[in-house]
Amino acid sequence: MIAYQHEPLTDFTNENNREAFQEALKRTNQHLGQEYPLVIDGKFITTKEKIISRNPANKTEVIGFVSKANQELAEKAIQAAAEAFESWRKTKPEMRADILFKAAAIIRSRKHEFSALMVKEAGKSWIEADADTAEAIDFMEYYGRQMLKIKDGAPVLSREGERNRYHYIPLGVGVVISPWNFPLAITAGTTVAALVTGNTVLLKPASTTPVVAARLVEVLKEAGLPDGVLQFVPGSGSEIGDFLVDHPKTRFISFTGSRDVGLRIYERAAKKQTDQIWLKRVIAEMGGKDTIVVDKEADLELAAQSIVASAFGFSGQKCSACSRAVVLEEVYDEVLHRAANLAKTWKIGDPACFETKMGPVIDPSSFQKIMRYIEIGKTEGNIIIGGTGDDSTGYYIEPTIIADVEPDARIMQEEIFGPVVAFAKAKNFEHALEIANNTEYGLTGAVISNDRRNLEKAREDFHVGNLYFNRGCTGAIVGYQPFGGFNLSGTDSKAGGPDYLLLHMQAKTVSEAF
Ligand code: NAP
């Protein structure tokens with residue numbers, strides 16, 4: 001097995017790469033408005049009711065019409081998955097891993113096609129979309145290799161007259177519920193992790209980005225995934241979500257999304273249903289309220305760059321996005337000033353244009369929610385830049401910096417999930433850490449400091465699943481920075497890490513007496 005590093009990002013300073021991406025966008029435009037069916041037991045099912053996926057940068061443009069599962073179809077899908085599990089669980093791990101490697105190769109060979117689709121369906125800039133595709137490939141390569149590592153179980157002791165073995169078996173039927181903000185990477189990562197470990201899956205993608213998910217399902221089929229192993233059941237979370245979670249044949253749920261939906265799933269999954277003979281497992285990766293702390297002894301330009309890139313990349317719609325900058329009072333004004341100047345240089349617009357640094361937010365309800373938070377922010381601090389939005393053609397909101405906010409203000413506590421960052425002043429480094437830890441979340445954080453003692457303090461006391469020193473707080477790479485958060489950010493599953501696959505399996509001990 002060739003050692004794997006990670007998928008390189010596309011160098012868009014190279015004109016040939018830019019031309020290739022333009023071509024991919026043109027091809028994507030030619031396929032807009034297609035229909036996408038459900039896939040149940042390998043059969044394509046077209047329903048009358050459709051999810052209409054629209055371009056958030058241009059709301060009149062339809063990306064695709066996606067068939068919508070109802071409870072009856074969801075039931076069929078669960079039965080098919082339960083049946084397929086009996087053979088899939090016995091397939092060789094090597095074969096399952098090979099399907100992932102093949103799928104990674106297919107996506108790699110059509111990389112720009114996937115990225116271009118995300119530009120259109122999710123409103124990602126070229127660079128953000130390219131990184132999303134690279135991450136999806138990384139998940140497939142990484143989990144394939146991890147499966148080969150754990151396929152023989154772990155060593156246990158044996159003694160005379162007795163031979164003991166300890167190995168991992170799959171759980172059963174898993175429901176994978178994915179978000180729209182990494183429509184390829186997270187959907188692919190959560191789905192293939194469940195599959196490669198021998199489970200069968202129902203994939204319910206976010207209703208705002210179902211076309212990317214449909215394309216992923218096509219790739220997995222092309223890579224050799226047998227019929228019935230993966231069911232594609234797009235549908236409204238509020239209509240089929242509870243049904244899928246509550247079903248007695250559901251063995252586990254792998255959810256990535258908001259805190260409120262995660263909590264609902266966690267609670268419902270805990271209830272034993274009639275005919276249910278197991279405790280459901282829940283992997284839940286939820287929201288964040290992520291902080292960059294800037295020390296007084298720090299590279300202040302690096303601090304401003306880190307804050308701006310982490311706050312406004314993909315319009316702040318990352319669970320890891322920086323939505324709070326906590327800056328020591330000695331350098332507060334300087335960092336604020338530099339961050340504002342940097343943010344002013346960001347070009348906002350249609351992400352189909354390469355020069356666009358920041359595109360729209362995902363949909364009208366996100367737009368309204370973020371604008372409401374900006375209004376709250378106006379009463380809790382001072383708008384330094386931004387603060388306005390325009391939803392006449394797409395859902396555009398300017399990068400917004402709100403200064404002089406109190407640590408317990410709403411915009412310092414609640415996940416906004418948009419291009420809004422609040423600045424708060426700290427008296428000293430201990431105070432900065434206290435503010436950084438004062439939310440119910442614990443996903444990512446960063447410290448910009450040249451003081452080794454303070455970095456060590458943060459290593460111990462900054463309570464987040466992913467902590468970064470002297471860089472921004474977004475951009476975890478599979479296999480390098482396993483990703484997941486503490487507290488109400490979820491179950492800390494550490495996607496892209498060495499323990500992740502085991503969450504989809506259970507260990508079995510077999511002891512033979514001679
Ligand atoms: P969301 O509204 O919670 O939706 C996530 C998924 O849950 C969607 O597929 C949604 O379907 C589905 N859903 C909605 N209601 C449901 C229910 N009652 N039962 C089952 N499923 C249901 O989140 P989002 O807006 O897509 O994503 C943004 C959130 O995800 C943010 O909070 C962000 O921080 C978080 N996130 C976390 C991570 C992480 O690794 N920690 C990574 C990415 C995103 P519909 O689309 O049909 O409603």
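Burial cut-offs first: I call a residue buried under 20% relative accessible area, exposed over 50%, and partly exposed in between. I'm working from a predicted model here.

**Entry: D41.** I looked up D41 and got a relative accessibility of 34%. That falls between the two cut-offs, so D41 goes down as partly exposed. I placed D41 in the loop between β2 (38-40) and β3 (43-45). Then I checked the backbone: phi of D41 is near 55°, a positive value, and D41 is not a glycine. I flagged it because most residues other than glycine have a negative phi.

**Entry: F417.** Another non-glycine with a positive phi turned up at F417, where the angle is near 60°. F417 is in a loop too, the one between α13 (410-413) and β18 (420-426). Buried or partly exposed, I wondered about F417? F417 comes out at 19% relative accessibility, so I noted it as buried.

Entry: Next I went to the UniProt record, an unreviewed entry, which lists E285 under "active site". I found E285 in strand β11, which covers residues 281-285. Its relative accessible area is 10%, so E285 is buried.

Which residues does E285 touch, leaving aside neighbours within four places in sequence? I got F255, T256 and G257 as one run of contacts. F483, G484 and G485 are in contact with E285 as well. The list also has S489, plus T491, D492 and S493.

Definitions and conventions: Residues are numbered from 1 along each chain as its sequence is written. This is a predicted model: local features need pLDDT of at least 70, side-chain atom pairs count only at pLDDT 80 or more; totals for chains, interfaces and linings use all residues. Side-chain values use heavy atoms; hydrogens and water are left out. UniProt positions are given in the numbering used here, feature names are shortened, and annotations may be inferred rather than shown by experiment. Helices (H or I, at least four residues) and strands (E, at least two) are DSSP runs, numbered from the N terminus. Buried means under 20% relative accessible area, exposed over 50%, partly exposed in between (1.4 Å probe, protein chains only). Contact means heavy atoms within 4.5 Å.
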